[in-house]
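Hello,

Here is the structure I promised to pass on to you. Have a look at it first, and then read on for what turned up in it.

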Amino acid sequence: MNTTGQSLLLWTTPVAGVLFLFAFFMFPGFSPPMSPTMTPEEVAAFFQENVASIRGVVILCNIIGALLVPLFAMIAVQMLRVVNSSPVFAYSYIIAVGIGLSAFILADFAWGVAIFRPDRDPQLISLLNDMAWFFFIAPVGTMIVQNLCLAGSIYLDARPDPVFPRWVAHFNVLAAVLMLPGAFAFMHKTGPLAWDGSLSFSLRLITFAVYVAVMFCVLLTIVNRQVEHEGVAA
Amino acid sequence: MTSAVDAVTAAGDIDAKKSPAFPGESSMWFFIIGDLLIFGVYFVAYMIYRGQNQALFLHSQQFLNQGIGATNTVVLLTSSLFVALGTQAARVGKSVDAYRLFGLAVVFGVLFPFLKMVEWIPKISIGITPGENLFFMYYYVMTGLHLCHVLLGLVILGFVMRNVRVSKERSHPPNIKFVETGAMYWHMVDLLWLVLFALFYLMR
Amino acid sequence: MSGGMSGSVTANETCTAQQGVPWYKNKKLDQWICFWSVPFFYNLFGLVFVPLSWMMPPRSPANATPEIVAFMQSPNLLIACTILTLALGLSAVGNALYACQMKRMSVSPVFRFAFMAGAMVGAIVGCLFPMFCFGLGAFRPGYDPEILALLYDFGYLSFIGCLGCFFLNWSLLALAILLDKNNTLPKWLGYYTIWQSVTELFAATVWIAKSGPFAWDGLLAFWFNMVLYVPWQMIVYICVYRAIKNQPEHELANAQPVPRAAYA
Amino acid sequence: MTAYLRNSLTYVWAFLVVITVASWFIGRGHGAAYQLDAAITVGVLLIAALKAQLVIRYFMEVRFASRWLKRTAYGWNIALLSLLLLFYWLSL
């Protein structure tokens, strides 16, 4: 197996990271995040005032979502090297990534359609905005299952020299737990669990950012080790 | 009356005694019986819903083309005959005959979807679609589902022919279990159409 | 909807599958963890769609606007959304179990990869999206009745009318079972799975009929399909249980100690 | 190939075609509006069931099959015919 391609794809992750930071500070809806208590008229006014920046972010997020796929695909490839009795964890992981990514892209599209004609009926703009937030929350569930599958396959790795170090499993469980409160945003309009709250929004996004950064470093090491130990050409 | 036919015609059979107690794979019979039950539920439900609105059903039925329906019945019966004869031939190892007979069955089988299109397209083009009323919903769903069975059956017959051809070329007997399994499916397709024809085209 | 099938096979059986080995050292532990997550998922799934949201059994497409509005604003829908969001990832696990069995069959890998692609799309458009359509109405009760009616139609049609992905998936599964020479799953299950994929075709009428037997709450388009689907889901699950249990040791990837250099 | 013409299956087929034409003759429209007509309905349903019986018996070779299969296949046909006639009668 040649790992040049693996390394190359892996480096799309920092590109996504840079774009993510850029988008985060460019989108006024995210700094500070829009409140779920805004009335349809307020939402419509907000979109009308920030047309250019939101539009930019919608396009960027579309790309960011896709740029993160290679990282998850790399994790899946390495999961398939882990020795369990079957590839069931890796397959679950791949399907869950597909679901989570589609939800993220749908969120992005809903915002994109809202900003395409911001002078639409405020009710419709507000509906699209709500829909976007709903789909933005949805990947929480798939991330939890993804992380637990990865953790499970690491814990059960039968190799004497495991593919992933054990702490990665603990780290994945921790990240899953920290992202979990995000799912409760449907039930709260104010407070830390609302979609702009400290638990559902800040904690979740920080966890996700740290998670991506850490997994990037982990995979970098794994790919390098694969080169070293197995003599696969880099 | 069927036993009388048996007595008269059994002498002409190529080799009736070689027929097995359970033609084809037994799992195919599981499928056939289940499929017959599923269609049976739909047929009975059709009769019940028809009873609630006789006038609508009677009026809508007039738009169906009985000629094509009857032709398609004969087409499927003929195709079924060739499949049955082909199975008999395959059973006694006459691969060349079997191959020709299955070929004829496929030729007739292909006529069915063609005639179905001749029937459907003018209807749809004058605006008679499944959304027209309950009768036409039933008509399109049932004939469409049956058509799916026909198309699947043609694929299966194709595999049966391949099996027979290979046996012809290598001059060993064909895989009779597989031939029978495919044949049973094709007869079931025929069988379902016989009921469909009566229920949709003919009854009042 | 088909929860509670776990009663017939108890957790103890899986633990004693290998004689004298504690459950946590079972070589098939990964498969068993995923396997037992399925009843958990289906129970949650049933909870979300039936007693929490009362979205199922389906309401009539012919309902009057006030009825639709009242339903769309019921606050339980938001709890249902939360649970579904948390549980949706488990649908991936359930489908991965099927994909793993397909890997053991003597068929091309294209079957399991196409199956996995169908599972991804199906989870979004046939499960998450409809629930969100209902949740959106409950989240902001101030929406116009027309918007709520739109979400109502969108929700039900995508839930019950989502047939392409599932037709694909069940056909792939059925075909794989029938073509398989290793007898991983029984042949009759393959035929039963064909009916299951045909019921998906029956559901096509919900996009047309607004009332009667072919509407999304109709006798033929919904209830009859349920009569076929619910036992199928349980039977296929029991068959997968047997397949995992009877999988011979030597077939397992972790059966032999892995030598250090045996990578790639 | 002429052996196949003198096969019992071919005779069955000829009979099937004849009764198909007969049932079409019974049920054909004359250009007039269709009226509820129990005689036509019972006639065509009986012919359809007879045809189904012949196909099951001869083409599907159920006549040589096990008793279990015979009962199931013929039972389906009889049950379907009875239910169809029953619900037709109820709707009259």
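Predicted model: local features only at pLDDT ≥ 70, side-chain atom pairs only at ≥ 80, totals over all residues.

The area buried between chain B and chain D is about 5300 Å², and carbon and sulfur atoms give 72% of it. The count of salt bridges between chain B and chain D is one. You can find it at Arg91(B) and Glu61(D), where the closest N and O atoms are 2.7 Å apart.

Chain B also touches chain C. Here the contact takes 20 residues from chain B and 18 residues from chain C. About 1800 Å² is buried between chain B and chain C, with carbon and sulfur atoms giving 89% of that area. Between chain B and chain C the count is zero salt bridges.

What about chain B by itself? Its secondary structure comes to seven helices and zero strands, so if you follow the chain from the N terminus on, its elements read α-α-α-α-α-α-α. Chain B has 204 residues, and 62% of them count as buried. If you take the contacts in chain B between residues at least 6 apart in sequence, 80% join residues at least 24 apart. There is also a charge over a ring to look at in this chain: the charged end of Lys168(B) sits over the ring of Tyr99(B), 3.9 Å from its centre.

Next, the aromatic rings. A search of the whole structure finds 69 aromatic pairs over all chains. One of them is formed by Trp133(A) and Phe136(A), whose ring centres are 5.7 Å apart and whose planes are at 85 degrees, so this pair is edge-to-face. Both residues lie in helix α7 of chain A (residues 122–137), three residues apart, which is about one turn of the helix. Trp133(A) and Phe136(A) are both buried. Another edge-to-face pair is that of Tyr152(C) and Tyr156(C), at 5.2 Å centre to centre and with 85 degrees between the planes. Tyr152(C) and Tyr156(C) are separated by about one helical turn, because they are four residues apart in helix α7 (residues 145–160) of chain C. Tyr152(C) counts as buried because its relative accessibility is 0%, and Tyr156(C) is buried with a relative accessible area of 0%.

While you have Phe136(A) on screen, look for Arg204(A) too: its charged end sits over the ring of Phe136(A), 4.9 Å from the centre.

Last, the cysteines. How many disulfides does the structure hold over all chains? The number is zero. Cys34(C) shows why: the closest cysteine sulfur to its own is in Cys149(A), 5.5 Å away, which is too far for a bond, since a disulfide needs the two sulfur atoms within 2.5 Å. Cys100(C) is in no disulfide either, and the nearest cysteine sulfur, that of Cys34(C), is 7.6 Å away. Cys34(C) counts as buried at 2% relative accessibility, and Cys100(C) is buried with a relative accessible area of 4%.

Note on methods: Residues numbered from 1 in each chain as written. Chains lettered and ligands numbered in written order. Heavy atoms only, no water. Phe/Tyr/Trp six-rings, centres within 6.5 Å; stacked < 30°, edge-to-face > 60°. Helix = DSSP H or I, 4+ residues; strand = E, 2+ residues; numbered from the N terminus. Buried < 20%, exposed > 50% of the residue type's maximum accessible area, 1.4 Å probe, protein only. Lys NZ or Arg CZ within 6 Å of the ring centre and 35° of its normal. Buried area = accessible area lost by both parts, 1.4 Å probe. Salt bridge = Lys/Arg side-chain N within 4 Å of Asp/Glu carboxyl O. Contact = heavy atoms within 4.5 Å.
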